[in-house]
Amino acid sequence: MIKKLRSFIIWAVAAVMCISALSISSFAATAVDISLINGYKPGPGDHSDASGNIVSLSGETLVDSKGNIIKSNTVNDTKEEDAEEKAISSSANYTYEVKDGVGIYTFEGKKYKAGASYGVHKLTGYSAEEFGTSMTASGKNARAKHTIAAAANLPMGTVLILKGTAGPYSSDYDGLYVVEDRGGSKLENEGWLDIYFDTAKEAAHTTDAGWNYAEAWIAEPAE
């Protein structure tokens, strides 16, 4: 009788442990499924937070291709994510908000919205330290977080919105830039975009760990 009771107790404990393990596994699988972002293509005002969720700088609700909400109306839910968001915002050369469903960029006191896509381009960097002058082909002095060199099919003064798409740190160069300079054959024939920096070290950083790519949008004035 004691042996039968002991066997029953062992069997019951094993059954409880199996059920618990299955429940935990099921919960984890559900959590992973919920975290998947299917079919959503980030726009020029979007970025990934610390948890990998695609969010906008303004924190508006975003949905995936199946209509599932992938982020609520608050950009971050933890103090750690709040700190990261502040760091991202402070390093950007623009602010971003959504008005009537349209993303609005405030850059150097003016408001813009994303117009036609100019395509995906390789990024490079240059500086006055390399060339001995900050004078550009437009006749203006180049400025960091402002001046970019591009092919002649973009008129001088064109404002571009850049959003990193690939590379070791392409998102470091997200922002708005003004076409004020030209370059060599790589810019003209292959469409590279050359960003101006204060130092040669910063300029070299754009490619020192591999090519970085960004999609460019032609910015339009937002009324």
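What share of the 223 residues of the protein counts as buried? In this predicted model, the buried share is 36%.

**Figure 1. Overview of the predicted model and its confidence.** The protein has five helices and 12 strands. Among contacts between residues at least 6 apart in sequence, 67% join residues at least 24 apart. The mean pLDDT is 75, with 59% of the residues at 70 or more. Residues 54–67 have pLDDT below 50, and this stretch makes 64 contacts in the model beyond near neighbours in sequence. The pLDDT is also below 50 over residues 69–90, a stretch with 49 such contacts.

**Figure 2. The largest nonpolar core.** This core comprises 18 residues. Those with the most contacts inside the core are Leu 123, Ile 148, Leu 160, Leu 162, Tyr 173, Leu 193 and Ile 195. At least two core residues come from each of strand 7 (110–127), strand 9 (159–166), strand 10 (175–181), strand 11 (193–197) and strand 12 (212–221). Strand 11 provides the largest share, three residues. Apart from this core lies another, of 12 residues, including Ala 92, Tyr 94, Phe 107 and Tyr 112.

**Figure 3. The surroundings of Leu 160.** Leu 160 is one of the residues with the most contacts inside the largest nonpolar core. Leaving aside residues up to four places away in sequence, Leu 160 touches Leu 154, Gly 175, Leu 176, Tyr 177, Val 179, Leu 193, Ala 216, Trp 217 and Ile 218.

**Figure 4. The second largest pocket.** The volume of the second largest pocket is about 200 Å³. Its lining consists of 16 residues, of which Tyr 126, Phe 131, Asp 181, Arg 182 and Asp 194 are the closest to the pocket centre. Strand 7, helix 3 (128–131) and strand 11 each contribute at least two residues to the lining.

**Figure 5. Loop residues with positive phi.** Glu 108 lies in the loop between strand 6 (102–107) and strand 7. Although Glu 108 is not a glycine, its phi is positive, near 55°. Lys 145 is located in the loop between helix 3 and strand 8 (147–149). The phi of Lys 145 is about 60°, a positive value in a residue that is not a glycine.

Note on methods
Residues are numbered from 1 along each chain as its sequence is written. This is a predicted model: local features need pLDDT of at least 70, side-chain atom pairs count only at pLDDT 80 or more; totals for chains, interfaces and linings use all residues. Side-chain values use heavy atoms; hydrogens and water are left out. A nonpolar core is a set of buried Ala, Val, Leu, Ile, Met, Phe, Trp, Tyr and Cys residues joined through side-chain atoms within 4.5 Å. Buried means under 20% relative accessible area, exposed over 50%, partly exposed in between (1.4 Å probe, protein chains only). Helices (H or I, at least four residues) and strands (E, at least two) are DSSP runs, numbered from the N terminus. Contact means heavy atoms within 4.5 Å. pLDDT is the predictor's confidence in each residue, from 0 to 100. On a 1 Å grid over the protein atoms alone, a cavity is a set of points where a 1.4 Å probe fits but cannot get out, and a pocket is an open set with protein on both sides within 12 Å along at least five of seven lines; lining residues have an atom within 4 Å of a point. Grid points are joined across faces, edges and corners, and a volume is the space filled by probe spheres set on the points.
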